[in-house]
Amino acid sequence: MAAISAFTLSSQGRTMAPGPTADKPANYGDFGPPQGAPVKAVLTSPPFVPPATNRKAPAKVIVELDVVEKEMEISEGVTYTFWTFGGTVPGSFIRVRQGDTVEFHLRNMPDSKMPHNIDLHGVTGPGGGAASSFTAPGHQSQFTFKALNAGLYVYHCATAPVGMHVANGMYGLILIEPPEGMPKVDREYYVMQGDFYTAGKYHDKGHQAFDMEKAIAEHPTYVLFNGREGALTNDKALQAKVGETVRLYVGNGGPNLVSSFHVIGEIFDKVWYEGGKHYQENVQTTLIPAGGAAMMDFRLQVPGSYVLVDHSIFRAFNKGALAILKTDGADDKAIYSGKEVDEVYLGDKATGVPSTAAIGTAATAAARGNVTREERIAAGKVLFNGTCSTCHQPDGKGLPGVFPPLAGSDYISADVKRLADIMIHGLQGKVTVNGKEYDSLMPPMSQLTDDEIANIGTYVLNSWGNPGGEITREDARMARAAVKPANTGSAH
Ligand SMILES: [Cu+2]
């Protein structure tokens, strides 16, 4: 957990010089006692990073961090009881300077149900602070450490069951600046990945409990940046301008997964891999272990939407591990021709498309049992974009000879209820739509929930000259229950 400093390195049978570490003096990172009046650390909520300390001498820094248990949305229309440091997932970002003496105050709010503590990977000492910070609800604890090693470190709760506390969102980052500070950049952002285990399936609406079995099996329902699907998309996307330099401080809280962190459309000019002292240059994807972190710098040369993903790519598109860095500015055709291909990756996550709030509205109403056709249509429109529109096109007209039209489709009007069946089981073989024959394959979309099927189906039925009507949750349930081989359009 925290740094362990006394071991001997050996390579090819030769033992290197012994010592606290091979080339570091015993007082490494200790610049003497704190100077001047104590300073209170500025803590920030993600995606923001506190300003540089700009200090030239060690100080006494007071950190006050609150543990807050609270219900928040984990996805549109899905709530979860998070346990947090500072009321957010990930927890507040802490920034100090190497050699600082940190007086840490951990307060556990009176309405908490659980005791909590904190293990900071930047602390030298057994447990990284955990043993000294065990804090019951309504209590406060205090401990002090000297920040000896510069770097970007994860902190997390280490109260039993540790995995559960971490899975509920109890992690964050502490940056221990090197004495000279980090190189200046135009913008700094704080992003942290985590995997989440809910009792229901991905996108099952309503309140979701933690599922210990799934967590032990390491089968997350959600893999997220900053604790919520869509925390950094649409109007909450990270912002930058062409010509600026951007630094991401990226952590991985786990509890289980290792992140293959990648920004689609960018190359990291520098990566301080593992959050340490050295950087690698020209990196496409950097590995961030659970309980680890990295800093990465790049300059933005071309405007558009850059997509932050875990390149274990099903996590990005089917579990939520996707964020956007929106860059405004003038095109540079010499670097990139400028064909806007955002939609391929983004679907409904792109900026400027209808807000996903409609999905939440329909889900709430569906849970009450009185969802209206209009609410289903509004939610279905958002879901259609990004799920179906890549092939059938946003206007439902399809592509001649490749993807059949859903607009004015006589295939749909012949039997409107088959829509649910087609979405869940896919379609292959010969079909004739409006007099034209298609002989292709539509993959099953069984990842959609019954409500999502109902919403999309109702939207399609009530759009583009189709006959109207409704697909219900029951239609979806029955279509799913029908165990059968993939649909074939013609009888063979
Ligand atoms: Cu905890």
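1. Let's start with the overall inventory: the chain's secondary structure amounts to eleven helices and 25 strands. Both kinds of element are DSSP runs numbered from the N terminus, where a helix is H or I over at least four residues and a strand is E over at least two. You're looking at a predicted model, so local features need pLDDT of at least 70 and side-chain atom pairs count only at pLDDT 80 or more, while totals for chains, interfaces and linings use all residues. Residue numbers start from 1 along each chain as its sequence is written, and side-chain values use heavy atoms, with hydrogens and water left out.

2. Next, the chain as a whole. Of its 492 residues, 51% count as buried (buried is under 20% relative accessible area, exposed is over 50%, and partly exposed is in between, with a 1.4 Å probe and protein chains only). Take the contacts (heavy atoms within 4.5 Å) in the chain with a separation of 6 or more: 69% of them are between residues 24 or more positions apart.

3. Now for a sheet of five strands. It is open, its pairing is mixed, and its order is β15-β23-β22-β17-β20. Two strands pair if DSSP finds at least two bridges between them. β15 (238-241) and β20 (285-288) are the edge strands, each pairing on one side only. From one strand to the next, the twist averages 20 degrees. Inside this order, β22 (residues 304-310) and β23 (residues 322-328) pair in the antiparallel sense over six bridges. If you want to trace one of the bridges, V307 has I324 in β23 as its partner.

4. While you're in that sheet, have a look at S260. It sits in strand β17 (residues 259-264). Is S260 buried or exposed? It is buried, with a relative accessible area of 19%. Setting aside residues up to four places away in sequence, S260 touches T285, T286, L287, V309, D310, H311 and S312.

5. There's a sheet of four strands to check too. This open sheet runs in the order β6-β11-β10-β8, again with mixed pairing. Its edges are β6 (94-97) and β8 (119-120), each of which pairs on one side only. β10 (residues 151-156) and β11 (residues 171-177) run antiparallel and are joined by six bridges. β8 and β10 are also antiparallel, with two bridges between them. H156 is a handy landmark: its bridge partner in β11 is Y171, and D119 stands opposite H156 in β10.

6. Stay with β10 for a moment. Why is it described as largely enclosed by the rest of the structure? Because six of its six residues are buried. In a regular strand, side chains alternate between the two faces of the sheet. In β10, G151, Y153 and Y155 point one way while L152, V154 and H156 point the other way, and all are buried.

7. On to helices. Two packed helices are described by the angle between their axes and the distance between the axes. Helix α9 (residues 418-425) packs against helix α10 (residues 450-461) at about 125 degrees, with the axes 10 Å apart. Axes here are lines fitted to C-alpha atoms, for helices over the stretch in contact, and angles run from 0 to 180 degrees between N-to-C directions. α9 and α10 are therefore oblique to each other (under 35 degrees is roughly parallel, over 145 roughly antiparallel, 65 to 115 roughly perpendicular, and the rest oblique). The residues that meet are L419, A420, M423 and I424 in α9 and I453, I456, G457, V460 and L461 in α10.

8. On the α5 side, the contact includes A358, I359 and T361, and on the α6 side it includes E375, R376 and A378.

9. Last, a loop residue. M109 lies in the loop between β7 (101-108) and β8, and M109 is partly exposed, with a relative accessible area of 22%. M109 and V67 are 42 residues apart along the chain, with 6.0 Å between their C-alpha atoms.
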